[in-house]
Structures are given as C-alpha cells and as structure tokens.
Amino acid sequence: WPHDPPARDIFIEPGQGGWWQGRKLLILGNLWLLVIFCFFFIVEGGVVLKEKLRKLLVERQIPFIPPTTEIESLRPLGYGVFGVVELIRYQKKLYAHKKPRQNINEHRDSILEEAIKLTDITEQHPNIQRLYFINLKSIGFLMDYCCYGSLDKIVTDNNFNYTLYDAINWSYQLADALSFLHSKKISKLIEIWNIDIWKLFI
C-alpha cells in the first residue's frame, strides 16, 4: 500500500512496422492457431479436457508453452491430491509450475479447472496470484512464484521472525483480496495452505 511502511507481502493462490511487419505478425499468429488446432486432435483426455484447453487458449487467449519446448525444473515446492508444484525457470524468470500429479484425466481436468478459475479474474489484484502460461506438454500452468512458501508454515516456524505489524498487515491484505473476490462474485475456497508469502519487503 502506497502510504504504509515496508512490510511482507502475501499472495492468494489471472503500431508501427509497415505492411510486411503486419503480414509477418499475421502469418505467425495463424501458425500458432494451427499448432493449437493440431494439438487438440493429438491430446488424449476426451471432450471435457479439450474444451477446457480451448477455453483457456482460444477464448481467453492465455499464452502457451509448446510441447517441444523444454523448461528448467529446479526443485519441488509442494503437492496436493491432484497436482504437484515445482519451481521452474522459463525465459530467465522463476515461476511456480503446477501440473497433474498423475497423467490421468481426473488429475488433468482438475488442474485445468483451477487454471480456468484463476483466469476468471480478469482484473489484476496485487495479492492474488496470476497465471502466465499454459504448458501443453504437462497440461499444467505457470503462475507467480512465492519465494517464502505457505503462510501456515511461516507462522508456525520458530526460526522465522515476524512482527505484530507483519501479522496485521497480512490480515489487511487478506481482507482486501477476499473483498475483491466477493465483489467479482468469484466463489473460491480460501484455506491457509493456499496463502503464500511472496516477498519480504516492498
């Protein structure tokens, strides 16, 4: 917040160039549409999975990582019933990469459903994680990496020092994020293990 003193931030886990330049952009755009179209035919998972991919890639125009592109996996961050999260480096930036725990329809559908919920939030909020890419190889997605991990681990870690001001500031940011979600009529269960610490100081 602009007038607050520095504090730890949290996240909740959304011209020119002429004729030839315009023609090149048009050609490249059509090539990417062709890649997506072909991918829909070769991906396994049935109608539901393909419809979710279509909604993300075509309707909402979320950028994607082609199946042939390699990303650098650094270390695991956590796991859930349907998915696992790992720290990756892509295009010289760090992201949290959430992907299906197993390569089965139930897990892949669940991951894509979460991606759709994240993209339901069309406006950006400083305390809500943002989705950046769909990874076509893993049927997962890349989102903000919160380097200090889950809030529930922070508050129970005796080796992590935080002040009363930090706790009040986190509470204020949580309330603001929840108010934002309610104002957009987005129904999403918020639990403490879905709340992550992004950075120590702004």
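## Exercises on a predicted model

The side chains of K98 and E114 make a polar contact at 2.8 Å; such a contact is a pair of N or O atoms within 3.5 Å, where, within protein, one must be able to donate a hydrogen and the other to accept it, and residues adjacent in sequence count only if both atoms are side-chain atoms. This is a predicted model, in which local features need pLDDT of at least 70 and side-chain atom pairs count only at pLDDT 80 or more, while totals for chains, interfaces and linings use all residues. Residues are numbered from 1 along each chain as its sequence is written, and side-chain values use heavy atoms, with hydrogens and water left out.

**Exercise 1.** Find the strand that holds K98, and decide whether K98 is buried or exposed.

*Solution.* Start with the strand: K98 sits in β5, residues 93-100 (strands are DSSP E runs of at least two residues, helices H or I runs of at least four, numbered from the N terminus). Next, take the relative accessibility: K98 is buried because its value is 14% (buried is under 20% relative accessible area, exposed over 50%, partly exposed in between, with a 1.4 Å probe and protein chains only).

**Exercise 2.** Locate L181 and judge its burial.

*Solution.* First, L181 belongs to helix α5, residues 164-183. Then, L181 counts as buried because its relative accessibility is 4%.
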